[in-house]
Amino acid sequence: STTSETLTKTKELAQLADSLEYNRFWLAEHHNMQHVASSATVVLISYIASQTKKIRVGSRSEEHTSEL
């Protein structure tokens, strides 16, 4: 998949989870890795949150948790 396709699929999955009334949508954090769609997790969280209605979007790594 291309980066664009991956972001579209992630957005669609988050929208499906939102429509099914899930409470949270978690994204994995990946730092300093090639071939990762977004290593700036907060940017990806913001994008996904802007494309959904009620679901809380966040990320999790071994070091910390971020959530909007």
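**Figure 1. Overview of the protein chain.** The accessible surface of the protein chain comes to about 5000 Å², and 50% of this area belongs to carbon and sulfur atoms. Accessible areas come from the Shrake-Rupley method with a 1.4 Å probe, and for residues only the protein chains shown count as cover. This is a predicted model, in which local features need pLDDT of at least 70 and side-chain atom pairs count only at pLDDT 80 or more, while totals for chains, interfaces and linings use all residues. Residues are numbered from 1 along each chain as its sequence is written, and side-chain values use heavy atoms, with hydrogens and water left out. The protein chain has 2 helices and 3 strands, in the order α-β-α-β-β from the N terminus. Helices (H or I, at least four residues) and strands (E, at least two) are DSSP runs, numbered from the N terminus. Of the 68 residues, 28% are buried; buried means under 20% relative accessible area, exposed over 50%, and partly exposed in between (1.4 Å probe, protein chains only). Among contacts with a separation of 6 or more, 57% join residues 24 or more positions apart, where contact means heavy atoms within 4.5 Å.

**Figure 2. Lys11 in helix α1.** Helix α1 covers residues 3-19 and includes Lys11. Leaving aside residues up to four places away in sequence, Lys11 touches Tyr47, Ile48 and Gln51.

**Figure 3. A nonpolar surface patch.** Leu13, Leu16, Leu20 and Tyr22 form this patch, with about 430 Å² of accessible area together. Patches are made of residues with over 30% relative accessible area and no salt bridge: like charges are joined within 9 Å, nonpolar side chains (Val, Leu, Ile, Met, Phe, Trp, Tyr) within 5 Å. Leu16 lies in helix α1 and is partly exposed, because its relative accessible area is 44%.

**Figure 4. Strands β1 and β2.** In strand β1 (residues 24-28), Phe25 and Leu27 form the covered face, and Arg24, Trp26 and Ala28 the uncovered one. Strand β2 (residues 56-60) runs parallel to β1 and is joined to it by 5 bridges; two strands pair if DSSP finds at least two bridges between them. Leu27 has Ser59 as its bridge partner in β2.

**Figure 5. Ala49 in helix α2.** Ala49 belongs to helix α2 (residues 41-50). Ala49 counts as partly exposed because its relative accessibility is 28%. Ala49 and Gln15 are 34 residues apart in sequence, and their C-alpha atoms are 9.4 Å apart in space.

Terms used: Salt bridge = Lys/Arg side-chain N within 4 Å of Asp/Glu carboxyl O.
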